[in-house]
Amino acid sequence: MSINAIEALSEFCATLRYGDLPSEVVDQAKRFLLDAVGCAYAAYKEDPKKAAIAAKIAASFGPGSALVINGEMTHPAAAGLANGILINAADNDDTHKRALVHIGSVVVPAALSAALANRADARDFLVSLVVGYEVTARVGMSVMPTHYRFWHSTATNGTFGAAAAAARAWQMTPEQMRIALGFAGTQAAGLNTFFESGDDSKSVHPGKAAMNGVLAAMLTDFGATAPPDIFGHPKGYLAAYSLEPKPEILGAGLGRDWEILQNGFKFYPSILASHSPIGATLEILSKKRVNPADVKSVEVRTYATVKSHFSSRDICNSMAARLSVPYCIAAALVDGEITQRQFSSNRFTDSTIGDMLQKVEIVADSELSLLYPEKFPARVIVELCNGQIYEATHMYPKGDPQNPLTEEELLDKFRNNLDGVVSSAHCESMLSLIGNLENIELEDLVKVLAKHGAQ
């Protein structure tokens, strides 16, 4: 079954053409490209340290044929690394909920690097993006949920999507695509050790996955060989990375069921697990604005992974705050909103938010856990000191395909991400080019994404 799966994946990726794509898939690919680009620009103001690291590591490779967003030209693999770091830095990048992968932060860098290195046209670039999304989602779903016990899914499963996107931009044959996927699997790495510390490995992971995807395609192009069946080998990816692998998912619905349409945008710049709780909390506040001092306790009943992975109270930096559901709820209750502002140092060190944080309890609810990952359920219960209780339940985070962003909300997010980094006129130029991507020259996109003066 697994040999058939990798053959099906390889055939699909290598032979997919622009004309095969439904219009809604093309439109969604452009939306995710737009969102990823916006997230990359946000890094320059929300996490300048990571932006500087991305620029320095790209420069260390010297000049080349691929672009760092809002930066310089460098080696394609280095550009993949830098752009992956940038897109993920502010934790506002897209997420496929059943695969639990930030696909854009891996696939967009790999596809862009490979397309530029190989002088692909804009339509082939779009196809490469779609291929990357389809492969990443299917590989992720095939090893979840037990994969997430130790492995950062964006880093590991994303490597396959990056390799597929890069190999497609290289115009590789099905056999070459199989080899590239083999190299992806043997490079896939990234441990979930950053949830408490919020360290920089969290954002290096998608960059390294993108870089590894480009390297996989380059190795294939140079004639290197890889395992014939990276998924089904007894010591292959599925056996090593999951306790209950589902190989049948790998080839299911290719060219019919488009997983890119099941991918979601983030509305809040924090871990996706926090979004339904945030939405429920803000719903409560829309009906009853509470004084933080009047809150006795806050109970967040949700699926078990939130309790085991995203419940740290050790908020020592911005990323640690973004990864902590208790912090996000505490900040929402105190500030009445969750924006980039809530992850600045003057907020995560604020004593009022710190006091509220101690009142927030995450409870793994067995019934809600059964709904995950199809739903990301959360019930928030706020009890006041006078005995009054307020609660709200959200099943889907805002931005999920079942609770989608409006076009206006998506454009507002993009503009807000670029605000203060480039001029509004330059921002509108990007919107126009990406919105008409299939009809432009890719070089025109490079020109608008290259480094420009600050606003």
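Trainee: Where is the place of Pro-145?

Mentor: Pro-145 sits in the loop between H6 and H7, where helices (H or I, at least four residues) and strands (E, at least two) are DSSP runs numbered from the N terminus. This is a predicted model, so local features need pLDDT of at least 70 and side-chain atom pairs count only at pLDDT 80 or more, while totals for chains, interfaces and linings use all residues. Residues are numbered from 1 along each chain as its sequence is written, and side-chain values use heavy atoms, leaving out hydrogens and water.

Trainee: What kind of peptide bond joins Met-144 and Pro-145?

Mentor: A cis one, with omega about 5°. Another cis bond runs from Tyr-372 to Pro-373, with omega near 10°. Pro-373 lies in the loop between helix H17 (366–369) and strand E5 (378–384).

Trainee: Why is H6 called roughly antiparallel to H7?

Mentor: Good one! H6 (residues 122–143) and H7 (residues 153–169) pack at an angle of about 155°, with their axes 7 Å apart. That angle makes H6 roughly antiparallel to H7 (over 145 degrees; under 35 is roughly parallel, 65 to 115 roughly perpendicular, the rest oblique). Among the residues making the contact are Val-131 and Val-135 of H6, and Phe-160 and Ala-164 of H7.

Trainee: How do you know that Asp-35 is buried?

Mentor: Asp-35, found in helix H2 (residues 23–46), has 3% relative accessibility and therefore counts as buried.

Trainee: What does the side chain of Asp-35 make with the side chain of Lys-413?

Mentor: A polar contact at 2.9 Å (N or O atoms within 3.5 Å; within protein, one must be able to donate a hydrogen and the other to accept it, and residues adjacent in sequence count only if both atoms are side-chain atoms).

Trainee: What about Asn-70 and Arg-119: buried or exposed?

Mentor: Asn-70, at 8% relative accessibility, counts as buried, whereas Arg-119, at 72%, is exposed. Asn-70 has a positive phi of about 60° although it is not a glycine, and phi of Arg-119 is near 55°, also positive.

Key. Axes are lines fitted to C-alpha atoms, for helices over the stretch in contact, and angles run from 0 to 180 degrees between N-to-C directions. Contact means heavy atoms within 4.5 Å. Buried means under 20% relative accessible area, exposed over 50%, partly exposed in between (1.4 Å probe, protein chains only).
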